[in-house]
Amino acid sequence: MAATGDRGVQPAADGPDTYRSPLASRYASPEMCFVFSDRYKFRTWRQLWLWLAEAEQDLIILRNAFDLLLPKLARVISRLADFAKERADLPTLGFTHFQPAQLTTVGKRCCLWIQDLCMDLQNLKRIRDDLRFRGVKGTTGTQASFLQLFEGDDQKVEQLDKMVTEKAGFKRAFIITGQTYTRKVDIEVLSVLASLGASVHKICTDIRLLANLKELEEPFEKQQIGSSAMPYKRNPMRSERCCSLARHLMTLIMDPLQTASVQWFERTLDDSANRRICLAEAFLTADTILNTLQNISEGLVVYPKVIERRIWQELPFMATENIIMAMVKAGGSRQDCHEKIRVLSQQAAAVVKQEGSDNDLIERIRADTYFSPIHSQLDRLLDPSSFTGRASQQVQRFLEEEVFPLLKPYESVMKVKAELYL
């Protein structure tokens with residue numbers, strides 16, 4: 001504690017009495033924390049001073065932060081691709097409006113997640129590669145001080161601008177700037193990170209819902225406590241954390257939107273404090289989310305028997321059209337068959353809803369002599385794999401044509417395991 005005159009005793013700048021973001025102290029990786037640390041910032045400033053471009057430090061930092069996120073996102077996609085490939089043929093009940101719909105496969109559903117993440121990977125890479133250096137432009141962007149330094153030699157000013165840009169590792173610099181690079185850049189950066197947050201939130205919400213159905217679970221350690229109050233529970237805490245942090249990440253886009261809109265003329269300083277918080281928080285949050293999601297994707301557990309049981313609760317109703325078609329081929333009347341199926345289906349539905357029993361529509365059909373011409377075909381007509389369409393082939397084609405080529409540049413980092421900070 002330090003004395004501060006009339007204000008009395010105040011907390012030290014760094015200690016147990018000061019606030020520290022839990023993203024830095026608990027969740028985010030040491031590498032990402034270092035990128036936004038004072039040590040890295042000051043080291044970067046010294047280097048940039050040598051390059052006559054101190055004001056560029058934000059773009060150095062953004063590029064390096066993207067370089068940390070991209071391989072982590074690629075690893076998440078790779079883990080989920082392995083999961084999808086292994087379970088490409090496993091039928092599962094599809095849901096629309098969270099109501100039972102047609103069958104899909106576990107692998108096909110996973111590819112919906114992967115497709116969103118692939119779009120995020122491409123967008124992050126595009127924004128990273130499109131980052132331009134501010135260059136040596138001076139206090140209002142006119143390069144007047146550098147032109148004076150070189151006694152009016154335009155060519156030398158341009159050569160200096162190009163040299164500093166190349167030394168900083170950028171391919172291009174802005175031609176037009178004010179005192180800073182346009183804050184629209186921050187909007188683009190936060191937009192792709194917010195979009196990543198939306199993707200992760202959707203994925204982890206699906207996992208949480210599937211955990212409730214007992215069809216799929218995130219990894220659960222042997223000594224992990226699922227609930228402090230109810231010892232039998234296995235709460236999906238990793239997915240819950242991802243959703244919680246993803247919401248935070250998605251809301252951060254409002255900061256650069258408002259900052260860019262109020263940058264008066266060549267620059268106003270009300271951007272600085274806001275950017276210092278929102279940019280670092282966005283990358284730290286994305287880093288934490290990807291670490292956690294990689295851990296989840298490396299240990300997803302599927303329960304095929306539970307999935308199968310839920311299929312059989314709905315499959316008899318889905319199969320009625322196939323049964324009607326089979327009866328018509330056997331010489332029956334479509335109208336008569338439809339009426340028979342309607343009556344039996346309503347009886348079976350009443351048993352399910354009013355008595356809580358299993359769907360017994362197929363047993364009723366087997367017991368009805370009207371359907372005797374197709375009794376021997378019922379097993380084939382009710383094969384779940386015949387209701388999944390081209391899901392398996394879609395998975396294979398999607399992985400081979402779109403996913404694996406996208407991951408090729410990251411092959412050297414694919415074996416790195418997730419670092420989860422509980």
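**Notebook: exposed loops, core and helix packing**

I began with Glu 151, which is exposed at a relative accessible area of 77%. My scale: buried is under 20% relative accessible area, exposed is over 50%, and partly exposed is in between (1.4 Å probe, protein chains only). Glu 151 sits in the loop between α6 (144-149) and α7 (154-167). Its phi is near 55°, a positive value in a residue other than glycine.

A note on the source: this is a predicted model, where local features need pLDDT of at least 70, side-chain atom pairs count only at pLDDT 80 or more, and totals for chains, interfaces and linings use all residues. Residues are numbered from 1 along each chain as its sequence is written, and side-chain values use heavy atoms, with hydrogens and water left out.

I checked Lys 214 next. Lys 214 is not a glycine, yet its phi is positive, about 65°. I found Lys 214 in the loop between α8 and β5 (216-217). Lys 214 counts as exposed, at 55% relative accessibility.

Then I looked at the chain overall. The protein chain has 17 helices and six strands. These are DSSP runs numbered from the N terminus (helices H or I, at least four residues; strands E, at least two). Of its 422 residues, 45% count as buried.

Next, the core. I counted 110 residues in the largest nonpolar core, and Ile 114 and Val 189 have the most contacts inside it. Such a core is a set of buried Ala, Val, Leu, Ile, Met, Phe, Trp, Tyr and Cys residues joined through side-chain atoms within 4.5 Å. Helix α4 (residues 57-86) gives the most to this core, with 16 residues. I listed what Ile 114 touches: among them are Ile 77, Leu 80, Phe 398 and Val 403, not counting residues up to four places away in sequence. Contact here means heavy atoms within 4.5 Å.

How do α8 and α11 pack? Helix α8 (residues 184-212) and helix α11 (residues 272-297) pack at an angle of about 30°, with axes 10 Å apart. The axes are lines fitted to C-alpha atoms over the stretch in contact, and angles run from 0 to 180 degrees between N-to-C directions. The two helices are therefore roughly parallel to each other, a term for angles under 35 degrees. The contact includes Val 189 and Leu 193 of α8 and Leu 279 and Phe 283 of α11.

Last, I noted Lys 202 in helix α8. Lys 202 is partly exposed, with a relative accessible area of 35%. Lys 202 and Asp 116 are 86 residues apart in sequence and 9.6 Å apart in space, C-alpha to C-alpha.

How values were computed: Parallel < 35°, antiparallel > 145°, perpendicular 65-115°, else oblique.
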